[in-house]
Each structure stands twice: as C-alpha cells, then as structure tokens.
Amino acid sequence: MSAAELAGIVVVGASLAGLRGAEALRRGGYEGPLTIVGAEPHRPYDRPPLSKHVLAGELAADATGLPALAPLRARWRLGQPTVGLDRADRIVRLADGTRLAYDRLLVATGAEARPWPAPTGGTLTGVFTLRGRDDAAALRAALAAGPRRVLIVGAGLIGCEAASCCRDLGLAVTVVDPNPTPLARSLGTGIGGVIAACLRDAGVAFRPGTQVRAFEGDGAGHVVRARFADGGAIEADLVIAALGATRATGWLAGAGLRADAGGLTCDAACRALAADGTPCPDIYAAGDVARWPIPVYGGRLVSVEHWGNAVEQAGHAARNMLAGPDDQRPYAHLPAYWSSQFGINIKAVGLTDGADSVAVVQGSRASRRFLAVYGRAGQTIAAVSFDQARWLPAYADAILAGRPFPPIRDATDRARPESLAPGFPSPRAVSADEFAHA
Ligand SMILES: Cc1cc2nc3c(=O)[nH]c(=O)nc-3n(C[C@H](O)[C@H](O)[C@H](O)COP(=O)(O)OP(=O)(O)OC[C@H]3O[C@@H](n4cnc5c(N)ncnc54)[C@H](O)[C@@H]3O)c2cc1C
C-alpha cells in the first residue's frame with residue numbers, strides 16, 4: 001500500500017480524544033479514508049478507572065475499553081508510535097518505517113507519566129508509574145501480592161486515589177509530598193487540608209514538606225528504601241511515583257510546530273501553530289496534548305488533563321476539520337474534572353491558577369461535605385465540591401459569566417461564607433522537575 005493510498009484523515013493517538021474525534025468526523029459526514037495510529041497495542045480504553053477500580057481489584061485492567069459511539073470504518077495502526085512529522089509532504093512516520101500520508105491530521109497523543117530518573121533508582125523493580133492500562137495491571141498485581149510498605153511519592157489526584165485504594169486493600173502506606181498538604185497545587189492548602197485529614201483518618205502516614213532524593217535497592221535490584229533530601233529514609237518495597245505528566249510531543253520535534261513537554265500550542269480553533277505562530281490549516285490537536293487559548297480566562301494558554309476536555313475538544317476539532325477556512329469556530333470550554341478518594345466524590349469546575357481568595361459557601365470542611373469557591377481580583381474563577389455537587393453547575397455559569405467573588409447570592413447555605421487563605425504553593429517552591437500534582 002503506497003503512502004498516497006492512505007491519504008485522508010490520520011488521527012495520532014488511539015485513546016479518548018482520538019476515538020471521540022474520529023467518531024465526530026464520521027458523524028460530521030466525513031466518508032473518506034480514516035487511519036487511527038496508537039502507540040499502545042490496545043483499542044481505546046478509559047483511564048479514570050485505572051487509579052480507582054482497577055487498583056482496588058474491582059475491575060480488570062482489560063475491562064476498561066471505551067464504548068464505540070459511532071461506526072468508524074477506520075484503519076487501525078496499533079502498537080505503532082509515530083516518530084516524526086513531515087509537514088511539507090504531509091507525512092507522519094511510524095516506528096516501523098511506514099510513511100502515512102494525510103490530508104488532515106488530528107494530534108491526540110495525550111500525556112505520559114513523568115518517570116522517576118534512572119540514576120536515582122528509577123529502574124529498580126517495585127518502582128511504578130501509573131498512566132496506562134498495562135501500568136495499572138502490573139501495579140495491581142504487585143499490590144495484590146501484599147507488599148509490606150507502599151510509598152507514594154506525590155500527593156496529587158493520582159497519588160491520593162492510589163493511597164485510598166491501598167488503604168482499602170489493608171496495606172501500610174506512606175505518602176510524601178514537598179507541599180504542606182495533598183492537592184495543594186490544584187486546590188490550595190485550605191482545601192487540601194481536608195484531604196490531609198482523610199489520609200490521617202484512613203491510616204495513611206502523610207509526610208508533607210518532604211522531598212525524595214533517591215530510591216535504593218537490594219542485591220536483586222528491588223527497591224527497599226527511599227532516601228529523603230533531609231537525610232532521613234523510609235523502608236518501602238513498593239513505590240508509586242505519582243509525579244504528574246508531560247505531554248507526548250517528542251515525535252513532533254523538528255516538525256516546526258510550537259510543541260514542547262507542556263503541549264502542542266493551538267489557536268482558538270484547535271489548529272496547531274507553526275513555529276512562526278501561524279495556524280496550520282491541516283493539523284489540529286485535542287485532549288491532554290493540546291495547549292489552547294481559553295476564552296473564559298482572557299485567552300491565556302492552558303493545557304488540562306481532564307476527561308471532559310478530551311471529549312469536547314476532540315469533537316470541536318473534528319467539526320473544524322470538516323469546515324471551511326471561513327467557518328473555524330473558537331473552542332470555548334470550561335475545564336472540569338472529578339475524583340473519588342476516601343469515599344468522597346470531588347468535582348471541580350474552572351481553573352484555580354492565581355486564586356487570591358477561597359470561600360466555603362455550602363457545608364463545612366469539618367463535615368467533609370462542602371462547596372468552595374475560588375476568586376481572583378474580585379471575580380469567581382473556580383469551584384470545588386466534596387460530596388456537594390448540586391450547586392456546581394450554577395457556579396460554572398457564574399465563572400463563565402465573569403460574576404464577582406464572593407459568589408452567588410442565595411446559593412449558600414451558611415449565614416456567612418467561611419473565608420480561607422487559598423494557600424497555593426509558590427511556583428518557585430517546588431521545581432516542576434521534582435514533582436507536580438497529577
Ligand atoms: C490514572 C488516571 C486517572 C485519571 N482520572 C481522571 C478523573 O478521575 N477525572 C478526569 O477528569 N480525568 C482523569 N484522568 C485524565 C483523563 O484520563 C485524560 O484527560 C484523558 O485520558 C486524556 O485523553 P487523551 O486521549 O487526550 O490522552 P491519553 O488518554 O493520554 O491518550 C493518548 C494516547 O496517545 C498515544 N500516543 C502517545 N504518543 C504517541 C505516538 N507518538 N504515536 C501514537 N500514539 C501515541 C498514547 O499511547 C495514548 O494511548 C485520569 C488519567 C489517568 C492516567
């Protein structure tokens with residue numbers, strides 16, 4: 001099969017954004033050739049259950065397949081990462097040497113777990129990261145074998161969800177993080193303190209303000225301890241490095257696009273930007289890999305790692321891929337995510353970056369059932385609920401409408417909202433290379 005025969009639309013990344021984007025192309029009336037390239041050998045599957053039901057043993061890792069929502073009639077190239085992009089000839093190169101021609105390209109390569117560096121113990125057995133289905137299956141098997149002490153490095157969403165599962169399995173768990181509370185980077189220490197209390201009550205040993213310097217192994221190369229920057233150490237025979245993610249853009253090096261470990265920059269219509277800042281009319285991006293100007297926050301560039309964005313942005317990019325140059329609609333999305341841990345359903349809308357105020361407007365932190373709102377310069381920018389999501393859509397509307405902070409009258413169940421210090425760690429306190437929230 002020659003490259004030319006394969007022209008049409010090529011989707012790179014066979015996961016949530018790739019699948020939903022491909023389906024949107026078909027639903028939008030695209031009848032031409034459609035090729036989906038995936039680095040993993042698996043058909044698209046869902047990641048949120050991996051750090052929840054799969055680790056807990058409630059769901060097998062291979063039972064996480066995403067349902068098909070539309071007939072695709074696609075050519076699948078699985079287990080075959082793209083390694084390069086030649087924009088002038090409209091060719092993507094696969095690892096096996098195949099050259100795939102495209103008329104239009106959807107980049108949906110997502111993100112990768114930031115690995116622990118090899119020279120400081122990253123290659124020891126018993127040290128895990130969690131991003132994909134195979135990671136989850138291996139980690140689940142290791143947890144089921146009953147390690148003596150689990151160490152989780154990084155108290156972001158994935159670190160905390162994993163800690164919650166480990167306690168449900170009755171395992172001894174320590175969580176370390178350089179920040180004063182869990183989830184400090186995403187929710188601030190005022191709200192993160194609630195999760196710290198959950199960890200404590202569940203029997204997790206939480207060590208804030210702690211940096212791991214290295215992991216040490218036994219003679220067989222299995223991890224036995226972590227050495228801290230302050231000289232202390234802890235014994236652990238299973239480590240989960242939950243250090244956040246970097247965007248999967250390595251294959252775009254040399255393609256002349258604005259791409260780096262923080263994402264592939266797009267314009268408002270989800271078109272990838274060339275190095276000189278002009279949008280490429282034939283290359284779009286969606287999902288975790290995309291960095292886009294978000295209208296609700298003044299058009300600043302953001303990339304988010306949220307399920308809902310992957311679905312919505314993929315649909316939007318697909319719509320624009322099928323539209324003419326004069327009908328490229330801007331992507332207007334309000335980020336939102338959920339998490340479940342320690343029996344609590346956390347839901348959040350908006351971005352907390354730069355928040356200078358936080359107020360609990362419903363419920364209380366003590367009851368672990370509340371809704372908190374974030375403000376910046378007198379404007380409502382984000383909200384988070386712990387088992388209290390009823391009013392979240394109203395706050396999402398307030399954020400989109402640029403309503404003032406403090407928030408909506410009549411959407412509080414307290415005489416006066418409880419004001420908190422937001423407590424976001426200074427960006428310089430922890431380098432992104434050390435670890436971030438997941
Ligand atoms: C453990 C876990 C739990 C999560 N829980 C939640 C949650 O509770 N709530 C929430 O909102 N979000 C959650 N997320 C985030 C959510 O799953 C992601 O936002 C979503 O998966 C993004 O979809 P995507 O398709 O953009 O990227 P990905 O899912 O990362 O998929 C990208 C795909 O591209 C492939 N790929 C990469 N490079 C190449 C290449 N060069 N060639 C071909 N293929 C390539 C990858 O192998 C991968 O299959 C979680 C994520 C993880 C990892």
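Predicted model: local features only at pLDDT ≥ 70, side-chain atom pairs only at ≥ 80, totals over all residues.
Take domain 1 and domain 3 to begin with. Where the two meet, six residues of domain 1 and seven residues of domain 3 make the contact. The size of an interface is often given as the accessible area lost when the parts come together. For domain 1 and domain 3, that buried area comes to about 520 Å², with carbon and sulfur atoms supplying 63% of it. On the domain 1 side, the residues that give up the most area to domain 3 are V296, Y297 and R300; between them they account for 83% of what that side buries.

What kinds of residue does domain 1 bring to this interface? Sorted by class, its side has five nonpolar residues, one charged residue and no polar ones. As for links across the boundary, there are zero salt bridges between domain 1 and domain 3, but two residue pairs are in polar contact, both at pLDDT 80 or more.

Now for the ligand. In the side chain of E40, an N or O atom is 2.6 Å from an oxygen atom of the ligand. The side chain of R47 likewise places an N or O atom 2.6 Å from a ligand oxygen. With T82 it is the backbone that takes part: one of its N or O atoms lies 2.9 Å from a nitrogen atom of the ligand. On its own the ligand has 990 Å² of accessible area, and the protein covers 93% of that.

Technical notes
Residues numbered from 1 in each chain as written. Heavy atoms only, no water. Contact = heavy atoms within 4.5 Å. Buried area = accessible area lost by both parts, 1.4 Å probe. Salt bridge = Lys/Arg side-chain N within 4 Å of Asp/Glu carboxyl O. Polar contact = N/O pair within 3.5 Å; in protein donor to acceptor, adjacent residues only side chain to side chain. Nonpolar A, V, L, I, M, F, W, Y, C, P; charged D, E, K, R; others polar. Areas by Shrake-Rupley, 256 points an atom, 1.4 Å probe, with all protein chains shown as cover.
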